[in-house]
Amino acid sequence: MAAYWNGFLVADGTFTGVGGNRMKVALARKDHEHIERFSQWLGKGNVRKQGERVSELAIQDPVTVPLLREKF
């Protein structure tokens, strides 16, 4: 399962912040359930609907996000 999410994160994710402690993944609204599943798999994050077209997962964590960044 991790390999699947790895590809997902590489294709649709971005890392920002000092030390890369922020991660954001944005998808079309029609894929909202998919981004919810990713958040549940991680056990972290805030999924929200942005406007009428986009769903976004945002995580700010000084431990988890750098680990994800290194791994994926």
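Colleague: Let's start with Glu 33: is it buried or exposed?

Modeller: A quick word on what you're looking at: this is a predicted model, where local features need pLDDT of at least 70, side-chain atom pairs count only at pLDDT 80 or more, and totals for chains, interfaces and linings use all residues. Residues are numbered from 1 along each chain as its sequence is written, and side-chain values use heavy atoms, leaving out hydrogens and water. Now, the terms: buried means under 20% relative accessible area, exposed over 50%, and partly exposed is in between (1.4 Å probe, protein chains only). Glu 33 has a relative accessible area of 58%, so it is exposed.

Colleague: Which element does Glu 33 lie in?

Modeller: Glu 33 lies in helix H2. Helices (H or I, at least four residues) and strands (E, at least two) are DSSP runs, numbered from the N terminus.

Colleague: How do I read the two sides of a helix?

Modeller: An α-helix has 3.6 residues a turn, so residues three or four places apart point the same way. In H2, residues 32–42, the buried ones are His 32, His 34, Ile 35, Phe 38, Ser 39 and Leu 42. Down the axis of H2 these buried residues fall within an arc of 165°, so they line one face of the helix; the arc is that of the directions from the helix axis to the C-beta atoms. The face turned away from that buried side carries the exposed Glu 33 and Gln 40.

Colleague: What do the buried residues of H2 pack against?

Modeller: They pack against helices H1 (2–12) and H3 (64–71), plus strands S2 (22–28), S3 (46–50) and S4 (54–60). Contact here means heavy atoms within 4.5 Å. Just after H2, Gly 43 takes a positive phi of about 75°.

Colleague: And the strands: how many bridges join S2 to S4?

Modeller: The rule is that two strands pair if DSSP finds at least two bridges between them. S2 and S4 run antiparallel and are joined by seven bridges, with Val 25 opposite Leu 57 in S4. S3 also pairs with S4 in the antiparallel sense, over five bridges, and Gln 50 has Val 54 in S4 as its bridge partner. The S3–S4 hairpin has three residues between the strands, and Gly 51 there takes a positive phi near 65°.

Colleague: Last one: where does Asn 21 lie?

Modeller: Asn 21 is in the loop between strand S1 (13–16) and S2. With a relative accessible area of 15%, Asn 21 is buried. Setting aside residues up to four places away in sequence, its contacts include Thr 16, Ile 59 and Val 65.
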